[in-house]
Amino acid sequence: ADETHEISKALKSFPEVEFSFNPSTGKIFILGHVMTEVDHQEMIYLLKSLSFLQSIEDNVIIDELVWENTNALLVKNAIWRGVNLTSVIPGHFVLRGYVQTIDESTKLAEYMNLNFPYLDKLDNQVVVENTLEAQIQSILLESNFVNVTFQFANGELVLAGRVPSNKQNDFNGTVGNLKKI
């Protein structure tokens, strides 16, 4: 129990890593996720500093390497260049960006389903530009801002046009709704 406690203490900074320890052989089996290679090296160093460990069977996934490899593959397809895989916490991946059409979004989802090994840990937040344009146009029309036009520039929404001064508060509310999208 004392050895298990020492291992738990060493792995405290790596909450997504689990272990199984065999005290009779001094062998530890670790699996899970760490964010970067530096985190992985630190974790292994901490484990090797425990004198009772004889061997480490390492099955820990380094998320940084997963992003780099996946993003390198995504950038090869011109329609997915606006899409990027990242992670905020170990073992939880987020696919973000823009594609033009629903068809492109479907192809991207199929590609990820076939090639990404951690689908249960993937949050797909890719925005379809055509759908987004329709939502924005609808909000502007519902708010009676027919003289306001919009376009996308590097992932940002640019509004242009004229708004009567007595409608300034309504327009600010509409902009707030657009920011939520």
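This is a predicted model: local features need pLDDT of at least 70, side-chain atom pairs count only at pLDDT 80 or more; totals for chains, interfaces and linings use all residues.
**Ground rules.** I number residues from 1 along each chain as its sequence is written. Local features need pLDDT of at least 70, side-chain atom pairs count only at pLDDT 80 or more, totals for chains, interfaces and linings use all residues, and side-chain values use heavy atoms, with hydrogens and water left out.

**The sheet.** I looked up the strand order and found an open sheet of 3 strands, β4-β5-β6, with mixed pairing. Strands here are DSSP runs of E with at least two residues, and helices are runs of H or I with at least four, numbered from the N terminus. Two strands pair if DSSP finds at least two bridges between them. At the edges I find β4 (83-89) and β6 (122-128), each pairing on one side only. I then checked β4 against β5 (residues 92-99): they run antiparallel, joined by 6 bridges. Isoleucine 89 stands opposite histidine 92 in β5.

**Helices across the sheet.** I see α3 (residues 63-74) lying across β4 and β5, at about 170 degrees to β4. Helix α5 lies across β5 and β6, at about 65 degrees to β6. Angles run from 0 to 180 degrees between N-to-C directions, with axes fitted to C-alpha atoms, for helices over the stretch in contact; contact means heavy atoms within 4.5 Å.

**The largest pocket.** Which residues are closest to its centre? Of the 13 lining residues, they are Ile136, Leu157, Leu178, Lys179 and Ile181. A pocket is an open set of points on a 1 Å grid over the protein atoms alone, where a 1.4 Å probe fits, with protein on both sides within 12 Å along at least five of seven lines; lining residues have an atom within 4 Å of a point. I also noted that α5 (129-142), β8 (156-161) and α6 (168-180) each give two or more residues to the lining.
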